[in-house]
Amino acid sequence: MPHLTRTVRIGSSHGLHARPAKLFAQAAKDSGIPVTIAKDAGKPINAASILGIIALGLEYGDYVTLTADGANAETTIDRLSELLTTDHDAE
């Protein structure tokens, strides 16, 4: 099982509030593989947990580390990274 880790920067100008957090958590859940997210060097949490994501208090410019384990790890990390780096508040 491939194990992949990537660090990305939050791109939403208002941080990862409810709407982008929901999109991210749903995509993590839909991947069907274990995915975690950690802010800076903090403790990793389940990326499919919207409450956990919101509790991280992610702001624009914060760095997070994603980790995925499974056959779709690279595709999953690519998709989740795209969601995190996109400015969802520019729409």
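Tutor: Let's start with accessible area: it comes from the Shrake-Rupley method with a 1.4 Å probe, and for residues only the protein chains shown count as cover. This is a predicted model, and its protein chain exposes about 5000 Å². Carbon and sulfur atoms supply 55% of that area.

Student: What share of the contacts joins residues at least 24 apart?

Tutor: Count the contacts between residues at least 6 apart in sequence, and 75% of them join residues at least 24 apart.

Student: Now the core. Which residues touch the most other members?

Tutor: The general idea first: in soluble globular proteins, nonpolar side chains tend to be buried together. Here the largest nonpolar core has 22 residues, and those touching the most other members are Phe 24, Ile 37, Leu 58, Val 64, Leu 66, Leu 80 and Leu 84. Two or more residues each come from helix H1 (18-31), strand S2 (35-39), strand S4 (63-69) and helix H3 (73-85). H3 gives the most, with 5 residues.

Student: Is Ser 12 buried or exposed?

Tutor: Ser 12 is buried, because its relative accessible area is 1% and the cut-off is under 20%. You'll find Ser 12 in the loop between strand S1 (3-9) and H1. A polar atom of its side chain lies 3.3 Å from the backbone oxygen of Thr 86. Again leaving out neighbours within four places, Ser 12 is in contact with Pro 20, Tyr 60, Leu 84, Thr 86, Asp 87, His 88 and Asp 89.

Student: Last topic, salt bridges. How many does the count come to?

Tutor: Look for a side-chain nitrogen of Lys or Arg within 4 Å of a carboxyl oxygen of Asp or Glu. That rule gives 3 salt bridges here. In one of them the side chains of Arg 6 and Asp 78 meet at 2.8 Å, N to O. This pair links distant parts of the chain, with Arg 6 in strand S1 and Asp 78 in helix H3, 72 residues apart. Arg 6 is partly exposed at 26% relative accessibility, and Asp 78 is partly exposed at 37%.

Student: Where do Asp 62 and Lys 39 sit?

Tutor: Their side chains meet in a salt bridge at 3.4 Å, N to O. Asp 62 is in the loop between helix H2 (50-55) and S4, Lys 39 is in strand S2, and 23 residues separate them. Asp 62 is buried at 18%, whereas Lys 39 counts as partly exposed at 25%.

Student: How far apart are the closest N and O atoms of Glu 82 and Arg 79?

Tutor: They are 3.8 Å apart, in a salt bridge. Both residues lie in helix H3, 3 residues apart, about one turn of the helix.

Notes. Residues are numbered from 1 along each chain as its sequence is written. This is a predicted model: local features need pLDDT of at least 70, side-chain atom pairs count only at pLDDT 80 or more; totals for chains, interfaces and linings use all residues. Side-chain values use heavy atoms; hydrogens and water are left out. A nonpolar core is a set of buried Ala, Val, Leu, Ile, Met, Phe, Trp, Tyr and Cys residues joined through side-chain atoms within 4.5 Å. Buried means under 20% relative accessible area, exposed over 50%, partly exposed in between (1.4 Å probe, protein chains only). Helices (H or I, at least four residues) and strands (E, at least two) are DSSP runs, numbered from the N terminus. A polar contact is a pair of N or O atoms within 3.5 Å; within protein, one must be able to donate a hydrogen and the other to accept it, and residues adjacent in sequence count only if both atoms are side-chain atoms. Contact means heavy atoms within 4.5 Å.
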